[in-house]
Amino acid sequence: MKKRIMAICDAEEGYAFRMAEYLLDKVKLPYTLHLFTAVEELEKFAKREEIEILLIAENAWRMLREAYIKQQVTQMFLLQESESVEQEGMQCISKYQSPEQVVQKMLDSIAEGSGWKEMPEAPQSSVQMIGIYSPVKRCLQTSFALSLGQLLAKEHKTLYMNFEMYSGLGELLRRQYEADMLDVMYYFQSAREKLALRLPTIIQNAGGLDYIPPVQYATGLKEIPGEQWLSLCKDIAAIGEYEYIILDLDDGIDGLFELLKSCRKIYTITREDAFAAAKLRQYERMLQLGELQEITEKTVKCRFPIFKELPSSLDMMTHGELAGYVKSIIKEDLYE
């Protein structure tokens, strides 16, 4: 399959390398990236290869032969260094803002316009989904899931997805999100072929673990059937080349059991008290009556010891007693 090429050209080497580093390390777009700090090298390259996206600084653009380069590039973005410069047929983006803002504006333009060529169908992903679900509440389910995810992420490409109605994750991490899981689902439903463009700027990272921001307004969560979540997970795994997806599940979603059935392993956390035991028994009876024994067979019940101290920060869940407990589970259950 022919590689899709994106090029950056800027004589200001420091800026060019920072932009390339951000695209390679943080965004991971479905392009092969080429960096040029000399216009002559870009022109030589364009004679041999078709460049689909060119992000070029004003200082470099002034030195290019305009008619020539337009024939070699599908879509161009000009990094403006002065407000007066505009070019017909090019999207202009101010150079003097963060790489995140530059890339976001570029991707929005590509996704909304007609310049995006549909990606070929991604190969079938071999992602392993791990479900975390308990009918018992306030049982450290999310702490367990984040610790598990961050530990796996040390050696494997791992994504965390939180399906709680009110996760509070943004507040605990002191972050504000412009898009969340419902936005990702919207892009999947309305323009699936452009999901590879939208996803990289939405995915966040905490403690080395990639995650999609949980829903901020939960009203639409119950309206999405389980099979759509499953299809979305497969697409995300293929785009991001994820080996594991951690599903932190909640009663508020449709298709809960469908998602649980798709998981390789399910961790159900319980507690010592009578109410917790009663809830767990009722849940297990429902699985039996619903002929969902395969969920029971995949389930590992976890009853935590009393932890003297939990991690003080959600992006540092690989340290402490909880992490030690989770490490033993990874060794016994996931690497068996």
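This report describes the sheets, helix packing and selected residues of a predicted model.

## Overall make-up

The protein has 14 helices and twelve strands. Along the principal axes, its C-alpha atoms fill a box of roughly 75 × 40 × 40 Å.

Of the 336 residues in the protein, 51% are buried. Contacts between residues at least 6 apart in sequence were also examined: 71% of them join residues at least 24 apart.

Five strands form an open sheet in the order 2-1-3-4-5, and the pairing is parallel. The edges are taken by strand 2 (32–36) and strand 5 (91–94); each has a single partner strand, so one side of each is left without a neighbour in the sheet. On average, neighbouring strands of this sheet are turned by 20° against each other, direction ignored.

Within this sheet, strand 1 (residues 5–9) pairs with strand 2 in the parallel sense over five bridges.

## Helices on the five-stranded sheet

Helix 1 lies across strand 1, strand 2, strand 3 (51–57) and strand 4 (73–80). The helix runs at about 170° to strand 2. Helix 5 also packs on the sheet, where it touches strand 1, strand 3, strand 4 and strand 5. The direction of helix 5 makes about 145° with that of strand 4.

## Contact of helix 1 with helix 5

Two packed helices are described by the angle between their axes and the distance between the axes. For helix 1 (residues 13–27) and helix 5 (residues 99–112), the axes come within 10 Å and cross at roughly 70°. An angle of 65 to 115 degrees counts as roughly perpendicular, and helix 1 and helix 5 are therefore roughly perpendicular to each other. Their crossing is right-handed.

Helix 1 contributes Tyr15, Met19, Tyr22, Leu23 and Val27 to the contact, and helix 5 contributes Pro99, Glu100, Val102, Val103 and Leu107. By class, the residues of this contact divide into nine nonpolar, no polar and one charged.

A second open sheet is built from seven strands in the order 8-9-7-10-6-11-12, with mixed pairing. Its edge strands are strand 8 (204–206) and strand 12 (299–303), and each of them pairs on one side only. Direction ignored, neighbouring strands here are turned by 25° against each other on average.

Strand 6 (residues 128–132) pairs with strand 11 (residues 265–270) over three bridges, in the parallel sense. In this pairing, isoleucine 130 stands opposite lysine 265 of strand 11. Helix 6 (residues 141–153) packs on the sheet and touches strand 6, strand 7 (158–162), strand 8, strand 9 (209–212), strand 10 (244–248), strand 11 and strand 12. The direction of helix 6 makes about 175° with that of strand 10.

## Contact of helix 9 with helix 10

Helix 9 (residues 195–202) packs against helix 10 (residues 226–240) at an angle of about 80°, and the two axes are 11 Å apart. That angle makes helix 9 roughly perpendicular to helix 10.

On the helix 9 side are Leu195, Ala196 and Leu199, which meet Leu232, Asp235, Ile236 and Ile239 in helix 10. The residues of this contact divide into six nonpolar, no polar and one charged.

## Two individual residues

Alanine 277 sits in helix 12 (residues 274–289). Its relative accessibility is 24%, and alanine 277 therefore counts as partly exposed, the range for that class lying between 20% and 50%. Alanine 277 and valine 136 are 141 residues apart in sequence, while their C-alpha atoms are 8.5 Å apart in space.

Threonine 318 lies in the loop between strand 12 and helix 14 (321–334). Its relative accessibility is 11%, and because buried means under 20%, threonine 318 counts as buried. Apart from neighbours within four places in sequence, threonine 318 is in contact with Gln150, Leu151, Lys154, Ala323 and Lys327. Of these partners, Gln150 and Leu151 fall within helix 6 (residues 141–153), and Ala323 and Lys327 fall within helix 14 (321–334).

Definitions and conventions: Residues numbered from 1 in each chain as written. Predicted model: local features only at pLDDT ≥ 70, side-chain atom pairs only at ≥ 80, totals over all residues. Heavy atoms only, no water. Pairing = 2+ DSSP bridges. Helix = DSSP H or I, 4+ residues; strand = E, 2+ residues; numbered from the N terminus. Axes fitted to C-alpha atoms, helices over the stretch in contact; angles between N-to-C directions. Contact = heavy atoms within 4.5 Å. Parallel < 35°, antiparallel > 145°, perpendicular 65-115°, else oblique. Left-handed = near helix turned anticlockwise from the far one by under 90°. Nonpolar A, V, L, I, M, F, W, Y, C, P; charged D, E, K, R; others polar. Buried < 20%, exposed > 50% of the residue type's maximum accessible area, 1.4 Å probe, protein only.
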